Amino acid sequence: MQLFWLSVGFGLVTASVLAVSAVGLSLQFGITNYINFAYGDFMALGAYFSYALNNELLHLNIWVATVCGSVGMGLFAVLVNHFILAPFARRFRKTFYVLIVTFGLSLVLLNLEYSIWGADVRFFNMPMDRAHHLGPILLTNAQLIVMGIAVLLMLGVHTLLKTTRLGKSMRAMSDNTSLAMTSGIDTKRITTITWFLSGTLAGLSGTVLGITEGNLTPAAGELFLFVIFAAVIVGGVGSIYGAMAGALLIGLATEISAAYINPAYKLDIAFVILILTLLVRPSGLFARPGKA
Amino acid sequence: MNGTWYYVFTLVFFLFDYFILAMGLNIQYGETGILNFAYIGFVAIGAYVTGVMSLPNSAGTGQYYILGLSLPFPVNLLVGGLTASAFAVVVALIALRRLRTDYLAMVLISLSLVLYDVCNNYVPLFNGADGLYNVPEPFAGVLHLNTNSFIPFFAGVTGVIALLMWWVMSRVTRSPAGRTFRAIRDDDVVAAALGKDVFRQQLKSMIIGSFYAGIGGGLIMQFSGSFNPTAWLPGETFVVFAVILVGGVGNNIGLLVGALVVETLLVHLPAFLPAIPGHPGLIEYMDAAVIGILLMAMLWFRPQGLVSERVHKAASMGARERLNTGATLTLDEEAAALAHATGKPEA
């Protein structure tokens with residue numbers, strides 16, 4: 001039973017990382033209507049930005065480096081959208097072209113990371129950590145901070161979408177871009193802001209993934225990508241709250257299963273849940289009409 | 001035989017092999033419009049199954065794998081291709097029936113990663129991360145080939161197989177089924193409205209394409225005698241996509257050109273460049289990044305590829321006249337005639 005509660009703790013941490021990344025992916029998908037297959041590499045690149053600030057350039061405190069690295073990744077995402085993705089999306093009506101461009105972008109970014117930082121495993125420079133007992137659950141300081149960040153961000157995204165003018169415009173655009181445009185919403189500006197948010201969340205989740213896993217490699221983001229896809233599809237593609245629920249479900253399921261099966265396969269459990277969802281409820285748990 | 005010729009025949013082998021792989025992905029994506037982002041998984045299944053079919057029983061080999069039937073070439077290769085096709089049926093029944101483009105691509109790329117994970121970690125299946133090795137070289141015993149003479153010999157065998165498969169593929173693409181595939185690619189709703197069973201046709205296309213994937217994978221296994229998970233990371237699918245997009249979607253000759261440019265010149269030739277001292281692997285990384293950039297540039301400046309898809313003239317020639325005489329029309333022709341009759345431009 002102790003093992004079970006320990007894995008629940010790990011599950012909540014994984015769910016926090018997943019929730020941040022899945023919301024970042026869903027926000028962008030809702031606005032631009034295509035999946036960013038380079039998202040995993042955005043995560044890894046953001047993590048390396050934080051790593052560079054933490055270990056190589058300024059030797060910042062890990063959490064300061066995390067924030068700066070993530071914002072840097074957000075700006076990078078805006079540039080990528082402006083110079084590469086947006087022109088392709090404007091020019092070709094079929095989604096295929098921009099999908100394959102994101103796939104190509106993933107290859108470019110991954111190999112850029114390999115070229116700069118090499119294939120060696122890197123480690124963040126972290127202060128000594130202590131474990132805390134919360135009832136039967138055991139968590140370190142860093143894990144608690146990660147969970148705190150995730151909860152705050154989810155509340156922040158909720159507030160943004162429900163109460164601010166920007167959030168309302170984003171939801172309007174996600175429902176119907178042309179209608180939003182004719183209603184006077186500056187869709188180009190909203191798209192840019194969305195890419196910034198998506199990139200920032202990608203960078204943040206990539207960094208906290210590296211912190212919770214204890215190491216960092218260029219391929220880390222890509223290997224995590226299908227878990228994010230599972231969370232997003234199980235929750236219902238394009239639905240932000242679905243992404244949060246999917247992240248919680250997948251995060252807990254993968255970590256709890258790791259207590260009972262060979263942990264090497266724990267992420268594959270995400271895929272099993274994905275397939276079961278497709279068989280039983282293909283549009284996901286919180287599907288939005290017209291998106292599946 | 002000196003080293004140069006050894007390299008040349010290795011390049012020739014990969015040219016023909018990727019021509020086969022590109023034909024398989026082309027019928028799925030280029031002809032039918034299925035975004036199969038798990039393509040390299042089907043290649044790997046073909047490779048592994050071909051390997052375990054030709055290896056002897058695993059006891060005493062120092063490797064762990066299933067089966068081990070010592071089947072001769074090309075029986076093992078055919079079993080590999082057919083297994084990939086059988087797997088395609090399962091995938092299609094679960095994923096293809098339910099999902100449209102992006103979702104399908106997401107599920108398929110996840111599938112590719114999970115397949116990779118399982119083959120990498122579950123040792124009793126295909127020897128885990130070490131992969132299969134010491135796979136018998138076909139005909140080497142009968143023809144008394146040594147390591148040097150095997151390479152040009154097998155490059156030739158692959159060339160013959162590629163030509164045969166090209167002939168079969170051009171028959172398929174010109175058949176009524178091929179025209180139906182293209183109609184689905186161009187607009188699946190219209191195809192369905194004209195009475196075509198879209199899922200059935202997509203299933204057919206998946207089966208044919210995956211067979212090509214399996215054969216291409218099996219040939220790699222036989223050529224190099226070994227195959228392990230580093231050979232088929234999910235990003236490899238992108239290389240095959242690059243071959244067909246650079247060469248020209250929906251055009252078999254273009255695929256050969258694409259295989260020459262991408263696989264031979266960009267993927268394998270740089271491997272022979274001297275390594276930069278102190279930066280192991282840097283050339284490979286830069287090379288992969290260049291392939292990505294080249295593909296984006298290609299899509300932007302010449303989206304139809306180096307060799308454009310041939311216009312299927314039968315579609316517009318005299319379709320209306322034949323409609324009036326009651327002749328049987330192909331789908332393309334029906335659509336053209338319909339557009340003509342209603343005065344609307346062809347969408």
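Reply: Helices (H or I, at least four residues) and strands (E, at least two) are DSSP runs, numbered from the N terminus. By that count chain A has 11 helices and 2 strands, in the order α-α-α-α-β-β-α-α-α-α-α-α-α from the N terminus. Chain B has 15 helices and 0 strands.

This is a predicted model, in which local features need pLDDT of at least 70 and side-chain atom pairs pLDDT 80 or more, while totals for chains, interfaces and linings use all residues. Residues are numbered from 1 along each chain as its sequence is written, and chains are lettered from A and ligands numbered from 1 in the order in which they are written.

A residue is buried if 20 or more other C-beta atoms lie within 10 Å of its own, exposed if 12 or fewer, and partly exposed in between, with C-beta atoms placed from the backbone. Of the 292 residues of chain A, 52% are buried; for the 347 residues of chain B the figure is 48%.

Now the core. A nonpolar core is a set of buried Ala, Val, Leu, Ile, Met, Phe, Trp, Tyr and Cys residues joined through C-beta atoms within 7 Å. The largest one holds 197 residues, and those touching the most other members are A:Ala230, A:Ala231, A:Ile250, B:Phe19, B:Ala22 and B:Val243.

Contact means that two C-beta atoms, placed from the backbone, lie within 7 Å. Leaving out residues up to four places away in sequence, A:Ile250 touches A:Leu18, A:Val227, A:Ala230, A:Ala231, A:Val234, A:Ala270 and A:Ile273. Among chain A contacts between residues at least 6 apart in sequence, 74% join residues at least 24 apart.
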